[in-house]
Amino acid sequence: MIVSHRHRFIYLRTEKTASTSLTDALKAVLGPEDKVYRSFTGKWVKMIGFNPGGLKRSFPGVFGLHFHAHAADVRRILGPDVFDSYYKFAVERNPWERQLSLYTHRIHRKGGKGKTVEQFDQDMRNPLWRLMHYSRLRNWDIYSIGNEVVADKVLRYENLRDDLQSVFNHLGIDEAVQLPVLNARHGGDRQHYSTYYSDATRDLVGRWYAREIAAFNYTFEDQRRAPVPGGAKNPITH
């Protein structure tokens, strides 16, 4: 999350939406009084044996706002005068593609060692996997309060550069958008996201993210007749 007093904007940082690249691009236009919210850092983080980021999510008034802070917490901590008057924007992404991206990221961390993206459908249908691993994103709460979107603009991941340029233009930022490609190392040669889904996982993700699907008219773009990686034929047909 970023709060810019120079340009009077709040970037509400959603997950798996090129947020690292976008944060990097926004840093170039910030002033010394502006703030980029980060996770805990320091040697002590590695020493304690668990990720302390949840402390910021649960107790933002004590530990400070999380870099993926929910809009309700941001408004409470910054105050309604700042929150309501500043231009707020976030980014959203097709939830089915976003879910695969989350899984790919997770399996390249310690908890998913030895797994491949071909196990996405199996793991997503496994309640134990979902219980043990962070599987359900809360992006809706990052740019909404209750059922109301409070961001002035929700950019589309699929059109991020142009949408961000429109934000710059609106804010009077006389800079061309420079959007680096970061954190894309786990994508590899993945097929279209739909090829990793069964009907069951398609419907599960559809239920989880029904609000953003409805709000932004996302659809499941079915290309499951395409071959899966390694040359094997996808067994799902319609």
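I looked up K56 first: K56 is buried, at a relative accessible area of 11% (buried means under 20%, exposed over 50%, partly exposed in between, with a 1.4 Å probe and protein chains only). The model is predicted, so I note that local features need pLDDT of at least 70, side-chain atom pairs count only at pLDDT 80 or more, and totals for chains, interfaces and linings use all residues. Residues are numbered from 1 along each chain as its sequence is written, and side-chain values use heavy atoms, leaving out hydrogens and water.

K56 sits in helix α3, residues 53-58 (helices are DSSP runs of H or I with at least four residues, numbered from the N terminus). I then checked K56 against H68. They are twelve residues apart in sequence, and their C-alpha atoms are 9.6 Å apart in space.

Next I went to S194. This residue lies in the loop between α11 (160-171) and α12. S194 has 0% relative accessibility, so it counts as buried. I listed what S194 touches, leaving out residues up to four places away in sequence: F220, E221, D222, Q223 and R224 (contact means heavy atoms within 4.5 Å). The S194 side chain reaches the backbone oxygen of E221 at 3.3 Å.

Last, I took helices α7 (residues 95-107) and α12 (residues 199-208). They pack at about 105°, with axes 10 Å apart (axes are lines fitted to C-alpha atoms over the stretch in contact, and angles run from 0 to 180 degrees between N-to-C directions). From α7, I found P95, W96 and Q99 in the contact; from α12, R202, V205, G206 and W208.

Terms used. Helix = DSSP H or I, 4+ residues; strand = E, 2+ residues; numbered from the N terminus. Polar contact = N/O pair within 3.5 Å; in protein donor to acceptor, adjacent residues only side chain to side chain.
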